[in-house]
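I opened the model to look up its fold, its helices and a few side-chain pairs.

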Amino acid sequence: TRTVDARGLSCPQPVLMTLDEIKAGRSDEIVVVVDSDTAKENVSRAAASRGWKVADVRETDGVFTVTIRKD
C-alpha cells in the first residue's frame, strides 16, 4: 500500500499527486490523505476515471483518508 499525503494542498495538487502514484504502478492500493471535502471528491472522481475503485473513506477531525484500489 502506498500513501499520498496531500494535507494542506489545494486542488488540483492532491489529484495530480494521486494520478502520479497511479501511473507509477507501484501498488494496487493507494491511501490518499486530504483535509478538504472538495479534495476528497476530486481524488475519488479522478481515481474512478482511471478504473480504480474507492474502497473506503474515513474522516477524523476534518482529515479524510481515501483508500483506492485497482479494479
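**Entry 1: the chain as a whole**

I note at the start that this is a predicted model. I counted two helices and four strands in the chain. Read along the sequence, they come in the pattern β-α-β-α-β-β.

I then checked the overall dimensions. A compact globule with 71 residues would have a radius of gyration near 11 Å, and the chain has 11 Å, so the value agrees with the rule. Along the principal axes, the C-alpha trace spans about 30 × 20 × 20 Å.

Buried residues account for 37% of the 71 residues. I also looked at contacts between residues at least 6 apart in sequence: 61% of them join residues at least 24 apart.

**Entry 2: helix H1**

Does the span of H1 agree or disagree with 1.5 Å a residue? H1 covers residues 13-24, and its 12 residues should span 16 Å; I find the end C-alpha atoms 16 Å apart, which agrees.

I listed the buried residues of H1 as Pro14, Val15, Thr18, Leu19, Glu21 and Ile22. Seen down the helix axis, these buried residues fall within an arc of 160°, so they line one face of H1. Their cover includes strands E1 (2-5), E2 (29-34), E3 (52-60) and E4 (63-70), along with helix H2 (37-49).

Just after H1, I found Gly25 with a positive phi of about 65°.

**Entry 3: helix H2**

Which residues of H2 are buried? I have Ala39, Lys40, Val43, Ser44, Ala46 and Ala47 as buried. They cover an arc of only 165° around the axis, which puts them on the same side of H2. Arg45 and Ser49, on the other side of H2, are exposed.

The cover over the buried residues of H2 includes H1, E2, E3 and E4. After H2 comes Gly51, and I read its phi as positive, near 85°.

**Entry 4: salt bridges**

How many salt bridges are there? The count comes to seven. I looked up three of them.

Glu21 pairs with Arg2, with the closest N and O atoms 3.0 Å apart. This pair links distant parts of the chain, since Glu21 is in helix H1 and Arg2 in strand E1, 19 residues apart. Glu21 has 9% relative accessibility, under the 20% cut-off, so Glu21 counts as buried. Arg2, at 33%, counts as partly exposed.

Asp5 forms a salt bridge with Arg7, and here the closest N and O atoms are 2.5 Å apart. I logged Asp5 as partly exposed at 40% relative accessibility, and Arg7 as partly exposed at 45%.

Glu41 and Lys40 meet through their side chains in a salt bridge of 3.0 Å, N to O. Glu41 is partly exposed at 34% relative accessibility, whereas Lys40 is buried at 13%. I also traced salt bridges that share partners: they join Arg2, Glu21 and Arg26 into one network.

I picked Thr67, which lies in strand E4. Is Thr67 buried or exposed? With a relative accessible area of 10%, Thr67 is buried. I find its C-alpha atom 6.3 Å from that of Val57, a residue 10 places away along the chain. Leaving aside neighbours within four places in sequence, Thr67 is in contact with Glu29, Ile30, Val31, Lys53, Val54, Ala55 and Asp56.

One of those contacts, Glu29, I looked up next. Glu29 has its place in strand E2. With a relative accessible area of 18%, Glu29 is buried. Leaving aside neighbours within four places in sequence, I list its contacts as Thr1, Arg2, Trp52, Thr67, Ile68 and Arg69.

How values were computed: Residues numbered from 1 in each chain as written. Predicted model: local features only at pLDDT ≥ 70, side-chain atom pairs only at ≥ 80, totals over all residues. Heavy atoms only, no water. Expected span 1.5 Å × (residues − 1). Buried < 20%, exposed > 50% of the residue type's maximum accessible area, 1.4 Å probe, protein only. Arc of directions from axis to C-beta. Contact = heavy atoms within 4.5 Å. Salt bridge = Lys/Arg side-chain N within 4 Å of Asp/Glu carboxyl O. Rg over C-alpha atoms; globule rule 2.2 N^0.38 Å.
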